[in-house]
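Me: I have a new structure open and want a quick tour. Can we start with the charges?
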Amino acid sequence: MKSQLKTVNEIVKLTGITVRALHYYDEINLLKPSDNTEAGYRLYSNEDIETLHQIMFLKEIGFELKQIKDIIHNPEFDKTEALKNIKKY
């Protein structure tokens, strides 16, 4: 499993996000890594990367991190409806 996981530096190269942003997302429980190495380095799965892409998209279209956290972590949140009503946020 760990061979499929990506390090912070690999995620930075794939997405263009900063290391600090990834660490901050972990800090605020927006995006937790799937695993950690024995040395404590964060490791991200493909699902984590998909979530990160959703976060980046929602941020780009104007959502704040708190709103994004609600969207990402609430399975009952209607993402389609939120996008239709973006001006309400």
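Me: How many positive and negative side chains does the protein chain have?
Reply: This is a predicted model. The protein chain has 13 positive side chains and 14 negative ones.

Me: And how far apart are the centres of the two sets?
Reply: The centres lie 4 Å apart.

Me: Switching to the fold. How many helices and strands are there?
Reply: The protein chain has 5 helices and 3 strands. Starting at the N terminus, the order is β-α-α-β-β-α-α-α.

Me: What does the C-alpha trace span?
Reply: About 45 × 25 × 20 Å along its principal axes.

Me: Let's look at α3. Where does it run?
Reply: Helix α3 covers residues 46–60, 15 residues in total. From first C-alpha to last it reaches 21 Å, close to the 21 Å expected.

Me: Which residues of α3 are buried?
Reply: Asp48, Ile49, Leu52, Ile55 and Leu58.

Me: Why would residues three or four places apart point the same way?
Reply: Because an α-helix has 3.6 residues a turn.

Me: What covers the buried residues of α3?
Reply: The cover includes the strands β1 (6–7) and β3 (42–44). Helices α1 (8–15), α2 (19–27), α4 (65–73) and α5 (79–84) are also among the covering elements.

Me: What comes just after α3?
Reply: Gly62 sits there, with a positive phi of about 115°.

Me: Last one. What share of the 89 residues is buried?
Reply: Buried residues make up 29% of the protein chain.

How values were computed
Residues numbered from 1 in each chain as written. Predicted model: local features only at pLDDT ≥ 70, side-chain atom pairs only at ≥ 80, totals over all residues. Heavy atoms only, no water. Helix = DSSP H or I, 4+ residues; strand = E, 2+ residues; numbered from the N terminus. Buried < 20%, exposed > 50% of the residue type's maximum accessible area, 1.4 Å probe, protein only. Lys, Arg positive; Asp, Glu negative; His and termini not counted. Charge placed at Lys NZ, Arg CZ, Asp CG, Glu CD. Expected span 1.5 Å × (residues − 1). Contact = heavy atoms within 4.5 Å.
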